[in-house]
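Here is a short briefing to read with the structure open beside you.

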Amino acid sequence: MITGPIGMAVVGYGYWGPNTVRGITRRPELRLVALCGLDGARAAEFSREYPECPVEQDLDAVLLDPSVQAVLIATPPRSHYEVARRALEAGKHVIVEKSLASRAVEVEALIELARLRQRVLMPGHTFVYSPPVNKVRELIQAGDLGEIYFITASHMNRGESRPDGVISDLAPHDLSILLYWLERPVTHVAVAGQRTSEDGVQETAFLTITFAGGTSANIQISWLAPRKVRQMVVMGSRRMVQYEGTSTDEPVRIYDRELDIAAQAPATFGEYQLTCRSGDIVVPHIEAAEPLGLQLADFARAIRTGAEPRSSSALGLEVVRAVEAAHRSIELSGDPVALLRKGRATYGERIGTVSARRLR
């Protein structure tokens, strides 16, 4: 039983590392006790900001420290599995910045290890803690949008090329949001990718995602946009909702535009006709809150109570499965890839599915 603030070590201090460290120091439930990193320049930068916190290059030394009760992993994605495995084997609770690992089989192994060691394993899918994202989820779950026909998403910025490609870098954000909104597992993934350099790394990709029940989503991701774009539109039979991830004053807009497929008998152009009704636009008030802080608080709560965090390992597994399928579709020149199940409960089955009447 942990009493007092939970002692945390951060492994890795790259692009996102300073944000996670800052988040930990602002949470009363947590206490930063060590940084583990190999980059001397980054370690010196950390020490200037947090001179009272020790820096260690040896991961084993950090994991043997009894004051370290939990580990936040912010290393490059390809190292996530190995670092998380060692931390769990050392008896530490673990939170991993997206994604949990590079392959689904690795995530499954980590989930089983966490179960055996009775430790929390949590992916850092921060967007599921965003108040605007949760507002859209409330609208979907309450049935206010009606039957969900499809979702479009654009996630673009002017970013540096990374070895794993734009799909591994950006798609997990959108996939985690979609899975959280719909509570349905992904069944098929088809991808068209584009690269402008000769290193083989995809810099732009267009994903078509199909979920159990038939709802589909189209996701556009790119490092080559002239400005940052993070937008998602949910098309329902009763209303549409637009989520603007870069907006602080109007992140969610609800459009009272009803779509209905009405039978026409007889109709020379087909048996059905699509009708549309336009109404008001509503901008709901949403209380501001820092998603990273809420995520860390949820991690601490899961450690203390044993409750499953909102960003669960089951969600993390579904995201990695979909990313794997996306890469496979690229290899197959865009052919759809079916996600096969081998008896393990899906994310939707773990947390309870929404009413079938709201999803196609």
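Let's start at one strand pair: Leu207 stands opposite Ile219 in β10. The model is a predicted one, so please read the contacts below as features of a prediction. Leu207 also belongs to the largest nonpolar core, where it is among the residues that touch the most other members.

**Strands around β10**
- Strand β9 (residues 204-211) pairs with β10 in the antiparallel sense, over 7 bridges.
- The hairpin of β9 and β10 has 4 residues between its strands, and Gly213 takes a positive phi near 100° there.
- β10 (residues 216-222) also has a parallel partner, strand β7 (residues 148-158), joined to β10 by 7 bridges.
- Within β10, Asn218 is the residue that Thr152 stands opposite.

**The open sheet**
- Six strands make up an open sheet with parallel pairing, in the order β3-β2-β1-β4-β5-β6.
- The edges are β3 (55-56) and β6 (121-124); each has a single partner strand, so one side of each is left without a neighbour in the sheet.
- Further in, β1 runs parallel to strand β2 (residues 30-36), and 6 bridges join them.
- Val11 stands opposite Cys36 in β2.

- In soluble globular proteins, nonpolar side chains tend to be buried together.
- The largest nonpolar core here has 73 residues, and those touching the most other members are Met8, Ile167, Trp181, Leu207, Ile209, Ile221 and Val234.
- Helix α7 (residues 165-182) gives the most to this core, with 11 residues.
- A second, separate core holds 28 residues, including Cys36, Val62, Ala84 and Val96.
- Leaving aside residues up to four places away in sequence, Leu207 touches Ala171, Ala190, Val191, Ala217, Asn218, Ile219, Ile221 and Ala326.

**Aromatic rings**
- A pair of aromatic rings is described by the distance of the centres and the angle of the planes.
- The structure holds 3 aromatic pairs.
- In one of them, the ring centres of Tyr13 and Phe46 lie 5.4 Å apart with the planes at 80°, so this pair is edge-to-face.
- Tyr13 counts as buried at 9% relative accessibility, and Phe46 is buried with a relative accessible area of 0%.
- Trp181 and Tyr243 are also edge-to-face, because their ring centres are 6.4 Å apart and their planes stand at 85°.
- This pair too links distant parts of the chain, from Trp181 in helix α7 to Tyr243 in strand β12 (residues 240-244), 62 residues apart.
- Trp181 and Tyr243 are both buried.
- Tyr13 and Phe46 form one aromatic cluster together with Tyr50.
- For a charge over a ring, look at Arg137: its charged end sits over the ring of Tyr180, 4.4 Å from the centre.

**Cysteines**
- How many disulfides does the structure hold? The number is 0.
- Are Cys36 and Cys53 buried or exposed? Cys36 counts as buried at 6% relative accessibility, and Cys53 is buried with a relative accessible area of 6%.

Definitions and conventions:
Residues numbered from 1 in each chain as written. Predicted model: local features only at pLDDT ≥ 70, side-chain atom pairs only at ≥ 80, totals over all residues. Heavy atoms only, no water. Core = buried A, V, L, I, M, F, W, Y, C linked by side-chain atoms within 4.5 Å. Buried < 20%, exposed > 50% of the residue type's maximum accessible area, 1.4 Å probe, protein only. Helix = DSSP H or I, 4+ residues; strand = E, 2+ residues; numbered from the N terminus. Contact = heavy atoms within 4.5 Å. Phe/Tyr/Trp six-rings, centres within 6.5 Å; stacked < 30°, edge-to-face > 60°. Lys NZ or Arg CZ within 6 Å of the ring centre and 35° of its normal. Disulfide = S-S within 2.5 Å. Pairing = 2+ DSSP bridges.
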